[in-house]
Amino acid sequence: MNIAKIMIPRACTVLLSEKQTVRQGWEIMTRNGYTAIPVLDEESHFIGCVSEGDFLRFILSAGALDLQEMEKHSVAELVRRDFCPPISIDATEAEVIGSALNQNFVPIIDSRNTLCGILTRRGVIAWLAEQKGISPTV
């Protein structure tokens, strides 16, 4: 399976840096309408994802409804390393399908743990349909 052919490349993916503030992360997430976003460290290594729920739990636990308070905390405090686990760019078809069954999107990493892009469940289904000669009507 050629994952690179069906994934959304990193350059076209909305990402967060662990160094960004919670306020910046929240604004990026809400502006783009996503429910979860990959987070990278300073060397562009994938470290995990954050979700809307992570931001909401932070706001509730910290009582940080004030935007200035959200500026005092970084995305690194929210990132979950076990949420939305990545797969290798060289993953097998079975690994891709298994991950897509459990996640709306799958981060794709190379051998250095650098994010290459993401693979959406929709992208996997479209690829499978193409393999079967099915023309999806959407």
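How far apart are the mean positions of the positive and negative charges of the protein chain? For the 13 positive and 17 negative charges, the answer is 5 Å. Lys and Arg count as positive here and Asp and Glu as negative, with His and the chain ends not counted; each charge is placed at NZ of Lys, CZ of Arg, CG of Asp or CD of Glu.

A word on the ground rules. This is a predicted model, where local features need pLDDT of at least 70 and side-chain atom pairs count only at pLDDT 80 or more, while totals for chains, interfaces and linings use all residues. Residues are numbered from 1 along each chain as its sequence is written, and side-chain values use heavy atoms, leaving out hydrogens and water.

Of the 138 residues, 41% are buried, meaning under 20% relative accessible area with a 1.4 Å probe and protein chains only, against over 50% for exposed and in between for partly exposed.

Now zoom in on helix α3, residues 52-62, where Asp54, Phe55, Phe58 and Ile59 are buried. They sit on the same side of α3 because they cover an arc of only 135° around the axis, taken from the directions from the helix axis to the C-beta atoms. The buried residues of α3 pack against β2 (16-17), α2 (22-32), β4 (46-51) and α4 (67-70), contact being heavy atoms within 4.5 Å. Turned away from that buried side are the exposed Leu60 and Ser61. After α3 comes Gly63, with a positive phi near 60°.

Methods: Helix = DSSP H or I, 4+ residues; strand = E, 2+ residues; numbered from the N terminus.
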